[in-house]
Amino acid sequence: MLELATVQGVSVEEQGVDYSPLAIRGLTVSYGQKPAVFSVDMAVQPGAMTAIIGPNGAGKSTLLKAALGIVSPLSGLVTVFGQPLEDQRARIAYVPQRASVDWDFPTRVIDVVLMGLSRQLGLLGRVRARHMARAMDCLNRVGMREFSDRQIGQLSGGQQQRVFLARALAQDADLYLLDEPFAGVDAATEKAIIAVLKSLKEAGKTVVVVHHDLATVTDYFDHVFLINTRKVAEGPVAQAFTAETLQAAYGGRLATAQIDQISRALG
Amino acid sequence: MSGEEFVPLSLTPLLIGTFAAIACALPGNFLVLRKQALIGDAISHVVLPGIVVAFLLTGAISTWPMMLGAAGAAVVAVVMIEAIRRLGQIEPGAAMGVVFTTMFAGGVLLLEQTDTSTVHLDVEHALYGNLESLIWLDATGWSSVLDVQALAGLPPELPRIALTLAGVILFTWLFWRPLKISTFDEGFARTIGIRTGVLGMALVITAAIAAVAAFDAVGSIIVIAMFICPPAAARMMTNRLESQIAWSVLFATVSAMSGYVLAGYGPLWLGGADAVSAAGMIATVSGLLLALAAVFGPCRTRAGAPGGA
């Protein structure tokens with residue numbers, strides 16, 4: 001379990017083995033003067049589906065990006081399955097926000113999914129029949145098999161999101177990190193994505209999702225992590241996703257009516 | 001045209017022009033997709049301080065020190081552009097604008113403060129090459145291609161640009177996969193262990209070296225055109241990066257060859273007396289090819305803004 005008091009500069013070994021798929025201690029990230037994420041500790045539950053929730057600009061995506069080394073934190077320690085991040089890259093799959101890439105890029109759906117196999121392929125390895133078969137299988141799992149030859153710009157937003165998920169599946173990881181996978185997608189896509197994520201959980205994988213739709217949290221997730229620059233709450237949905245924690249995370253930005261509604265939904 | 005006339009007068013300019021065009025078009029594909037294509041323009045300005053410094057250090061106008069000075073300045077500029085872009089988190093165009101105007105202005109000041117009255121230090125002549133002048137007078141015909149003595153008289157720009165092209169091809173081939181992935185999705189590239197900062201820097205340094213070698217041989221106008229026109233035209237011919245590269249090489253080759261021929265003979269065909277600048281004609285042809293691709297290319301419609309849902 002996560003020790004509350006951690007001394008900076010102490011190596012992972014000295015702190016004892018931490019088997020959390022993703023453990024973060026004292027993470028602070030700043031894009032300018034104001035910190036986007038301040039002194040956050042997090043210990044992701046193995047084999048669970050965790051939602052990272054918070055208001056806009058609360059540092060949800062930044063937390064994920066810093067955990068993955070995409071942005072450099074000012075301070076903090078990240079371990080993945082108890083090891084330094086760089087040693088565990090092969091066990092992580094990441095789905096960025098759909099809007100973070102240029103979908104006019106000249107490439108086909110199948111090529112994007114094959115990017116998920118680049119660790120196996122190496123610098124100059126040829127794409128062989130077994131790689132193609134694996135990529136097609138991943139497309140099949142998100143219901144996009146027949147789109148494999150399409151240029152990615154010709155897809156709808158939901159279809160693009162499913163292609164990104166297929167690429168993550170091709171990575172065959174143990175820890176899946178998704179940034180807003182349900183943002184701006186159609187209902188069919190949302191259903192398809194959640195089905196895939198649940199199948200990953202059943203296969204013993206750990207799934208962490210930056211999520212914005214409070215209404216679906218209890219249906220989709222086991223654990224929540226509430227953040228508003230600082231950590232607000234962390235734990236199983238029943239304990240950590242309450243009217244009090246939501247009020248603390250969202251403050252005035254969440255209408256009382258919404259909180260009442262969620263309170264009723266939570267029973 | 002017979003070999004006796006073609007080999008000494010036209011073969012080497014054609015080869016040098018084509019090699020220079022391809023050496024710039026290859027990295028240009030990635031630069032266009034990364035919205036950094038103006039880097040060719042930036043490099044053409046920042047070489048000035050490099051040349052002046054090289055002149056001050058050596059006191060002579062000679063090619064190698066000036067090329068090294070230009071390459072050094074170009075590398076300093078692209079490193080600064082990348083650093084400003086990343087640290088300041090601003091768009092690449094703005095970073096380029098800041099760096100190249102400052103360095104160019106610094107070069108002008110340096111030139112003004114230097115006593116160059118005894119020596120005519122003219123950037124146009126010191127570095128920016130003239131394609132038509134790269135003739136091979138030792139050649140007597142096609143047999144000279146195998147004649148060691150005649151080959152020794154080749155213009156030195158030819159082996160230089162050939163070596164540069166080989167380096168550019170090697171870089172593109174070796175780092176094809178990481179270049180493609182990090183150009184499309186930098187965040188994802190980082191998570192699979194690609195060092196995107198180093199790779200991005202290597203790409204712009206490769207482009208800078210190609211640009212300086214091409215300046216030396218063919219002048220700046222071709223370089224700026226070749227970074228942008230063939231890749232942009234190629235993008236509208238296909239929706240696959242692999243084919244886009246092939247199209248861009250084809251467009252660069254066609255521009256260089258037909259531009260050279262049109263510059264030499266076009267005015268005569270039209271009844272004029274003098275040939276026009278080959279470099280200018282090559283750049284013009286590449287622009288016309290881009291215009292044709294923009295009107296008739298099969299893949300010219302933008303799919304729509306990302307995240308428009």
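A: What follows looks at one helix of chain B, beginning with the chain around it. The model is predicted, so local features need pLDDT of at least 70 and side-chain atom pairs count only at pLDDT 80 or more, while totals for chains, interfaces and linings use all residues. Residues are numbered from 1 along each chain as its sequence is written, and chains are lettered from A and ligands numbered from 1 in the order in which they are written.

Chain B holds 13 helices and zero strands, where helices (H or I, at least four residues) and strands (E, at least two) are DSSP runs numbered from the N terminus. For 309 residues a compact globule would have a radius of gyration near 19 Å, and the 20 Å of chain B agrees with this; the radius is taken over C-alpha atoms, and the globule rule is 2.2 Å times the number of residues to the power 0.38.

The part to examine is helix α11 of chain B, residues 220-235, which packs against helix α12 of chain B, residues 241-269, at an angle of about 125 degrees with the axes 8 Å apart. Axes here are lines fitted to C-alpha atoms, for helices over the stretch in contact, and angles run from 0 to 180 degrees between N-to-C directions. α11(B) and α12(B) are therefore oblique to each other, given that angles under 35 degrees count as roughly parallel, over 145 as roughly antiparallel, 65 to 115 as roughly perpendicular and the rest as oblique. Among the residues of α11(B) that meet α12(B) are B:Met226 and B:Pro230, and the residues on the α12(B) side include B:Trp247 and B:Phe251; two residues are in contact if their C-beta atoms, placed from the backbone, lie within 7 Å. By class, this contact of α11(B) with α12(B) has eight nonpolar, three polar and one charged residues, with Ala, Val, Leu, Ile, Met, Phe, Trp, Tyr, Cys and Pro counted as nonpolar, Asp, Glu, Lys and Arg as charged, and the others, Gly among them, as polar.

By class, the contact of α11(B) with α13(B) has 14 nonpolar, three polar and no charged residues.
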